[in-house]
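Here are my notes for you on this one. Have the viewer open as you go through the points.

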Amino acid sequence: MNIEKVEIAVIGAGLGGAAAAALLAGAGFSVHSFEQAPAFTRLGAGIHIGPNVMKIFRRIGIEKKLEQIGSHPDFWFSRDGMTGDYLSRIPLGDYGRKEYGASYITIHRGDMHAVQIDALPQDKVHFGHRLTGIEERETDVLLTFENGRRVAAGLVVGADGINSMIRDMLLGPEKPRFSGWVGHRALVNMDKLRNSGLEFEACVKWWWEASRHIMAYATKGDGSEYYYVTGVPVDGWEHETSFVDSSREEMEAIFGGSHPMVQALVDATETVTKWPFWNRDPLNIWSRGRLVMLGDACHPMRPHMAQGACMAIEDAAILTRCLEESGMAGYKDAFSLYEATRRERATKVQTISNANTWLKQPEDPAWVYAYDPLTAALG
Ligand code: FAD
């Protein structure tokens, strides 16, 4: 089979990869995305996107659309799971727009991802392309896909998630570590929720002892969808699949007897799945030669700060700026500058996210949300 040539290949069109492809294309590079999935479906899960990343979506041209779809919480509340007492009220909404320079939204991740993919040049997004071979050559990298296609890329961006093949290539194969925590994810039955007669806040984290929690929020601006994800420590994870089915009974067993609003959430649960949270220690290197990584490929984290995808998208913005500054020929300098700019911030977020302390008590989140990856100093 012929070998095709591309300037930049982005492996993985997940949340970070789709952002990288859009930003690099916007900066004038010729970019192709290769994604193993045959297509993306609207998986039942929500996501928070902070103002730090909405600024990047503004540059890509999708900020307004996401603002129209998503929910705009006025606060991130933290509450005691038993008594309902407020532990913190972090202002977002209009306050966030003014202080941090963009909206804070919560949205269905499938809706957001679809908008991200639609924003890409469709002839340069290749679904059903699972990368299986990487050969570093003098002037390019030869990529082989499961379907037999071969592509010679000037640069390769590994946005291929926690089980990254690019990571394995750079650092040797190593499975991620099970963090000891799982998350239950559910879009609740809205009729049942409304029948409870209770007023549900647009963004609230319920806390119990030992950091067990439920993060609950709206995923649509019209309030027609409400979602929760839990964090629960467990003894181990013996399943081979990326998630398994859970049940209302399991939710009742873990959270039953809590505050009436939590009970109403449990009662409104119909379909709920259970996901293991994986982890890695910060990596020694983020790039080698013509290969560079971003997002979960190089700094996966437990999701408790709601910033994992945000960090992947920030990576994409900084990597693009570094390559813009150096041009293709200066990629080595660009990759060093990228790592020098990103390592400290990504590692700090990874550490706090894993510790699961974010916004439990009153604190100033400006260092995360006010950051502007499009203008921040490089290096
Ligand atoms: P991914 O989104 O995982 O994308 C990787 C892509 O690469 C996938 O599409 C995959 O199919 C593809 N791929 C993998 N291998 C290959 C291959 N060999 N060839 C071709 N393609 C390949 N983050 C937030 O910012 N806010 C939140 O509120 C939030 N909530 C979360 C809740 C939970 C329960 C979890 C588990 C995570 C949450 N995150 C959140 C984190 C976020 O989901 C991840 O950090 C983010 O998806 C990482 O983006 P990525 O592009 O690096 O990887």
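**Notes on the model**

1. Over residues 5-350, the chain of this predicted model comes out at 33% helix and 28% strand, with the end C-alpha atoms 36 Å apart. That stretch is what UniProt lists, in an unreviewed entry, as "domain: FAD-binding".

2. On to the ligand. The shell around it holds 31 residues, and the closest are Gly16, Glu35, His48, Arg109 and Asp296. By type, the shell splits into 14 nonpolar, 11 polar and six charged residues.

3. Which elements build that shell? At least two residues each come from H1, strand S3 (46-49) and helix H10 (308-326). H10 gives the largest share, with four residues.

4. Have a look at the backbone contacts too. Leu131 has a polar backbone atom 2.9 Å from a nitrogen of the ligand, and for Gly308 the distance from a polar backbone atom to a ligand nitrogen is 3.3 Å. Cys310 also puts a polar backbone atom 2.9 Å from the ligand, this time from an oxygen. On its own the ligand has 1,000 Å² of accessible area, and the protein covers 86% of it.

5. Searching the whole structure turns up one cavity of 30 Å³ or more, and the largest cavity holds about 40 Å³. Its lining consists of Ala21, Ala25, Val31, Ser33, Leu120, Pro121, Lys124 and Val125. Helix H1 (15-26) and strand S2 (31-34) are the elements that give two or more residues to this lining. Six of the lining residues are nonpolar, one is polar and one is charged.

Terms used:
Residues are numbered from 1 along each chain as its sequence is written. This is a predicted model: local features need pLDDT of at least 70, side-chain atom pairs count only at pLDDT 80 or more; totals for chains, interfaces and linings use all residues. Side-chain values use heavy atoms; hydrogens and water are left out. UniProt positions are given in the numbering used here, feature names are shortened, and annotations may be inferred rather than shown by experiment. On a 1 Å grid over the protein atoms alone, a cavity is a set of points where a 1.4 Å probe fits but cannot get out, and a pocket is an open set with protein on both sides within 12 Å along at least five of seven lines; lining residues have an atom within 4 Å of a point. Grid points are joined across faces, edges and corners, and a volume is the space filled by probe spheres set on the points. Ala, Val, Leu, Ile, Met, Phe, Trp, Tyr, Cys and Pro count as nonpolar, Asp, Glu, Lys and Arg as charged, and the others, Gly among them, as polar. A residue is near a molecule or strand if one of its heavy atoms lies within 4 Å of it. A polar contact is a pair of N or O atoms within 3.5 Å; within protein, one must be able to donate a hydrogen and the other to accept it, and residues adjacent in sequence count only if both atoms are side-chain atoms. Accessible areas come from the Shrake-Rupley method with a 1.4 Å probe; for residues, only the protein chains shown count as cover.
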